[in-house]
Amino acid sequence: MTDGLQEVFRREASRCTATLIRVLGDIDLAEDAVAEAFTIAAERWPKTGIPPNPGGWITTTARNRAIDRLRRESTRGERHLAAHRLHTDSMDPDHNPQLDRLDDFVDVVEDDQLRLMFLCAHPALAADAQVALILRLLAGLETGEIARSFMVPEATMAQRIVRAKRKLHDNHVSYRIPRAAELPDRLAAVLAAIYLIYTEGHTATSGQNLTRTDLSREAVRLGRTLVELMPDEPEAIGLLALMLLSESRRPARRNPDGTMVRLADQDRSRWNKALIIEGHQLVRACLRSHQPGPFQVQAAIAAVHADAPTAEATDWAQIIALYDQLYSLRPHPVVALNRSVAVAELHGPAEGLAALAAIAAGTLDTYQPYHAARADLLARAGRRHEALGAYDRAIELTTNAVERAFLVRQRAAL
Amino acid sequence: MPQYLISVWHDDTFEVDFSTPDAQRLAAQVDAFNNNLQQAGAWVFAAGLHPASSATVVRSSGGEVSMTDGPYAETKEQMGGFWIIEAADLDGALEWAAKAAAACEGPVEVRPAQG
């Protein structure tokens, strides 16, 4: 694809697919039709130039192609055409003087993308299937790209996507925005899936590189789309702020040789100021709604870190208070773990270790960051022998090569 | 309208003694849920089942019929009862399923019927 077409594809593919799923009532049919329309565009646009409303052109062309195909496959076609009352008079997007009206013709609804988000993150789907569908249908990634991002064979990822689509189809899942009563739960699923994509990109769970920028970038893009679609949802804004503030630290997270740098040791002059400013604005915007939620509180914690000119100057008391608030919203042992680390910064490693010990025994036994944090606090408390044991356990549990190298270095420094 | 199977699952040793207050509470809850389903027009069919140990497996192969004692799936969890309901879509079925799980105080499984 040419650069121009590539750009149109990134921007418009998911919007077109989202609309076509509603018009055609079938995910596969919609995907095929949009792909076909882009193939036609790739042939035509280098000669004719990109039309003024490329999204409308693609959507209309895809719709026309789908209708042609349904007519050819008559039994299935009759049912679809009847069920969805598609206009069977086709419209040629190349010979329409008012291209903007094409959107009216195919009835593009901004909410289509939102419908698609709720469909992909339906709680009846497993988390890995939700993530795969979102990347495929909303981020427009090829199955092979998604498979590489998650380090699974392409056939495995293809099967995961096929199964997920089939489950939605067989279960007659409606293409709709959830009602007010069910919205909080369903929105939480959408947010969790986007954040899962972000964290997978931020610290790859396996492989040689610490981060996979593509996934993080897609997650941020999806987060922006969600905020555009639901501008009044404080948790959606909180999620975007959290991702932007985490992204702001990306340039400082690695040494030139690719090794990992802890937050405390990062060169803060390398943090991305523009992202910090935007993140702060979003945190303030969502806090104004006075409907606190887990993503907003996590974003506020990231904002406190971003505010500190040095690690020592961090307002740890504020961070502990925010972790307390987060724990009251989401009483999860990982939250208690992070709080313990903040306690150690404010009151010393002994207090931090006491807070760690208060976490329900065994709940974090297979969680690598728990052992890494405990090892660090033990080392700072002068309990070298126990620290070595905790590092061993952390090293045993990590699946990321860069993280492992960092832990091995920390252990060797004891 | 799409139809869904809502099945109730529990341990294969589970047995209801209807003389106990617990069982009577469950029965009352399930009765109320059944009435709800019928009033809403979502009811198709439902039944509670005798324990899995009462099951017989029948096989037919080349005109030969064989029978064996016991449930087909030799798993710890067995189906204890089920509803067939009608709902507009999965979300509608899941709403009924949530009420079913509350009524029988245990997990239920939702599966779409073909057709």
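Predicted model: local features only at pLDDT ≥ 70, side-chain atom pairs only at ≥ 80, totals over all residues.

Student: Okay, chain B. How many helices and strands does chain B have?

Tutor: Chain B has two helices and six strands. Along the sequence they follow the pattern β-α-β-β-β-β-α-β.

Student: What does the C-alpha trace of chain B span along its principal axes?

Tutor: About 45 × 40 × 20 Å.

Student: And what share of the residues counts as buried in chain B?

Tutor: Of its 115 residues, 28% are buried. The accessible surface of chain B is about 7,300 Å². Carbon and sulfur atoms account for 55% of that surface.

Student: What about contacts in chain B between residues at least 6 apart in sequence? Which share joins residues at least 24 apart?

Tutor: That share is 74%.

Student: Switching to charge. How many positive and negative side chains does chain B have?

Tutor: There are 5 positive and 16 negative side chains in chain B. The centres of the two sets lie 2 Å apart.

Student: Which residues form a nonpolar patch on the surface of chain B?

Tutor: B:Phe14, B:Val16 and B:Phe18 do. Together they have about 280 Å² of accessible area.

Student: Let me zoom in on B:Phe18. Where is B:Phe18 found?

Tutor: In chain B, look at the loop between strand E1 (3-11) and helix H1 (21-39).

Student: Is B:Phe18 buried or exposed, and why?

Tutor: B:Phe18 has a relative accessible area of 55%, so it is exposed. The cut-off for exposed is over 50%.

Student: Now backbone angles. What is phi of B:Glu105?

Tutor: About 50 degrees, a positive value, although B:Glu105 is not a glycine. B:Glu105 sits in the loop between helix H2 (90-104) and strand E6 (108-112) of chain B. Its relative accessible area is 43%, so B:Glu105 is partly exposed.

Student: And chain A? What is phi of A:His290?

Tutor: Phi of A:His290 is near 55 degrees, again positive in a residue other than glycine. A:His290 is in the loop between helix H13 (273-287) and helix H14 (294-307) of chain A. A:His290 counts as exposed because its relative accessibility is 69%.

Student: Which residues is A:Ala299 in contact with, leaving aside neighbours within four places in sequence?

Tutor: A:Gly238, A:Ala241, A:Leu242, A:Leu245 and A:Val283.

Student: And A:Pro51? What separates the C-alpha atoms of A:Ala299 and A:Pro51?

Tutor: A separation of 41 Å. Along the chain the two are 248 residues apart.

Student: Last topic. How many salt bridges does the structure hold over all chains?

Tutor: It holds 30. One of them pairs the side chains of A:Glu12 and A:Arg15, at 2.7 Å from N to O.

Student: Where do A:Glu12 and A:Arg15 lie?

Tutor: Both are in helix H1 (residues 3-24) of chain A. They are three residues apart, about one turn of the helix. A:Glu12 counts as buried at 8% relative accessibility. A:Arg15 counts as partly exposed at 23%.

Student: What about A:Arg160 and A:Asp128? How far apart are their closest N and O atoms?

Tutor: They are 3.7 Å apart, and the pair forms a salt bridge. A:Arg160 lies in helix H9 (residues 154-170) of chain A and A:Asp128 in helix H7 (residues 127-138) of chain A, so the pair ties together parts that are 32 residues apart in sequence.

Student: And A:Arg339 with A:Asp324? How far apart are the closest N and O atoms there?

Tutor: They are 2.5 Å apart in that salt bridge. A:Arg339 is in helix H16 (residues 333-347) of chain A and A:Asp324 in helix H15 (residues 316-329) of chain A, so this pair ties together parts 15 residues apart in sequence. A:Arg339 is partly exposed, with a relative accessible area of 26%. A:Asp324 is also partly exposed, at 37%.

Student: Which residues do salt bridges that share partners join into one network?

Tutor: A:Arg176, A:Glu182, A:Arg186, B:Asp89 and B:Asp91.

Note on methods: Residues numbered from 1 in each chain as written. Chains lettered and ligands numbered in written order. Heavy atoms only, no water. Patch = residues over 30% accessible without salt bridge, like charges linked within 9 Å, V, L, I, M, F, W, Y side chains within 5 Å. Areas by Shrake-Rupley, 256 points an atom, 1.4 Å probe, with all protein chains shown as cover. Salt bridge = Lys/Arg side-chain N within 4 Å of Asp/Glu carboxyl O. Helix = DSSP H or I, 4+ residues; strand = E, 2+ residues; numbered from the N terminus. Buried < 20%, exposed > 50% of the residue type's maximum accessible area, 1.4 Å probe, protein only. Contact = heavy atoms within 4.5 Å. Lys, Arg positive; Asp, Glu negative; His and termini not counted. Charge placed at Lys NZ, Arg CZ, Asp CG, Glu CD.
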